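Me: Hi! I've got a new structure open and would like to talk it through with you. Can you help me find my way around?

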Amino acid sequence: MGTKANDLLIGHYLDAARFMLFAGEIRDLFPRIKALDQRLLALHRFVHVLSDPDRGAAFIADRWVWSKDEVSDWETTPAHALQASEIAQVIKKFNDANPGHRLKAGSEHRDLGDQIWGWTHNAGVKTNAPEYLTKARVEIKRKAKDGTPRYPDLGDVIDPVTGQHAFQIGHGGPDLVALSAAALLFWPAALLPATIGLIEAERFQAVARFIEFLKKRFKGSGTITVAAPGLSAHGTGRAIDFRVHDRSGKKLHGAGGAANWRSSGFAAQLKAAMAVAPHFHGPLTAPDEPWHYFFDPDA
Ligand SMILES: [Zn+2]
């Protein structure tokens, strides 16, 4: 089988996996990433988060990017008012403790389009995505002992009756709640066919096998400095980047330069000022952003 045919097959398994695991906006995200290698690497990152016991579906649902309308709606809520009042208190405490300096707060919202752009233009993604595709090409060619392919052609995947993708399982609604159902798909592969009557066991197991491949840790030679598209800490209204200005308004420290934030003492000063904001936690540690705090109205 040539590379072209292999990549076509990888694309079919990628589609089956996204229909099986995700619903709504998350499911629809992947086709927006045009290059197969970058799309595959994004799916790997999502599956990795989904299978991480410390993050899982709840993390994805919590982080999933808001639309511009959702941001506007949030700005009318009591939670947003609470956020604004806590930020005002932090600024007062910081400015009182650091005469001659002024703390400012605010973050640019990054919508899904921005985040997809960030993913496809990230140097680490550009390095690692082709490496990951190379691994997938090896995987997709695997054969069983008797010589039959481990990843057979999936055949016709559109159900003629419903028009749905055959691997779309019971949770095709737009709700992110469906994600918790998706988490159930991390069952032992042997149990899967019994639960899903519609798809032949063999095909189902092959897709489950592909998901096992996606779950495996992958470390490329590049360093990826962006979140998977849709999962940026700045996709919702709840992440705040702080900046330090001097009296004249000149910016001394912004979003960048973690080492300078620390050596100047402002990382510690900000942390101390955050004590008056009980609904904030942070700073963000991965990546290392001592200026970045999260607001959680339920905390
Ligand atoms: Zn930030």
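Reply: Happy to! One term before we start: contact means heavy atoms within 4.5 Å. Also, this is a predicted model.

Me: Good. Then which residues is His 253 in contact with, leaving aside its neighbours within four places in sequence?

Reply: His 253 touches Phe 242, Arg 243 and Val 244, and also Asn 260, Trp 261, Ser 264 and Phe 266. His 253 itself is located in strand E3, residues 251-253.

Me: Is His 253 buried or exposed?

Reply: Buried: its relative accessibility is 11%, and the cut-off for buried is under 20%.

Me: What does E3 pair with?

Reply: E3 pairs with E2 in the antiparallel sense, over two bridges.

Me: Which residues cover the faces of E5?

Reply: His 292 and Phe 294 are on one side, with Tyr 293 and Phe 295 on the other, and all of them are buried. E5 pairs with strand E4 (residues 280-281) too, in the antiparallel sense over two bridges. There, Phe 280 stands opposite Phe 295.

Me: Where is Pro 283?

Reply: Pro 283 sits in the loop between E4 and E5. Have a look at the peptide bond from Gly 282 to Pro 283: it is cis, with omega near 0°. For background, most peptide bonds are trans.

Me: Changing topic: what coordinates the zinc ion?

Reply: Four residues do, through His 234 (NE2), Asp 241 (OD), Glu 289 (OE) and His 292 (ND1), at 2.1 to 2.7 Å. Asp 241 in strand E2 (residues 239-246) and His 292 in strand E5 (residues 292-295) link distant parts of the chain, being 51 residues apart. Both Asp 241 and His 292 are buried.

Me: Why is the arrangement around the zinc ion called irregular?

Reply: It comes down to the angles. The four donor atoms subtend 79 to 148° around the zinc ion, which makes the arrangement irregular. To count as tetrahedral, all angles would have to lie between 85 and 135 degrees.

Me: How are the donor residues spaced in sequence?

Reply: The pattern is H-x6-D-x47-E-x2-H.

Me: Nice. Now the hydrophobic side of things: which residues touch the most other members in the largest nonpolar core?

Reply: Tyr 13, Phe 22, Leu 40, Phe 46, Phe 210 and Leu 214, out of 51 residues in that core. Helices supplying at least two residues each include H1 (3-21), H3 (36-50) and H11 (201-215). Apart from this core lies another of 22 residues, among them Trp 66, Val 244, Phe 266 and Leu 270.

Me: What is Phe 46 in contact with, leaving aside its neighbours within four places in sequence?

Reply: Its contacts include Phe 22, Ile 26, Leu 29, Ile 60, Trp 64 and Pro 229.

Me: Ile 60 is in H4, I think. Which residues of H4 are buried?

Reply: Gly 56, Ala 57, Ile 60 and Arg 63 are. Seen down the axis of H4, the buried residues fall within an arc of 140°, so they line one face of the helix. In general, an α-helix has 3.6 residues a turn, so residues three or four places apart point the same way.

Note on methods. Residues are numbered from 1 along each chain as its sequence is written. This is a predicted model: local features need pLDDT of at least 70, side-chain atom pairs count only at pLDDT 80 or more; totals for chains, interfaces and linings use all residues. Side-chain values use heavy atoms; hydrogens and water are left out. A nonpolar core is a set of buried Ala, Val, Leu, Ile, Met, Phe, Trp, Tyr and Cys residues joined through side-chain atoms within 4.5 Å. Buried means under 20% relative accessible area, exposed over 50%, partly exposed in between (1.4 Å probe, protein chains only). Helices (H or I, at least four residues) and strands (E, at least two) are DSSP runs, numbered from the N terminus. Donors are N, O and S atoms within 2.8 Å of the metal (3.2 Å for Na, K and Ca); water is not among the atoms, so sites may look incomplete. Four donors count as tetrahedral if all angles lie between 85 and 135 degrees; four count as square planar and six as octahedral if opposite donors are over 155 degrees apart and all others between 65 and 115; anything else is irregular. The arc is that of the directions from the helix axis to the C-beta atoms. Two strands pair if DSSP finds at least two bridges between them.
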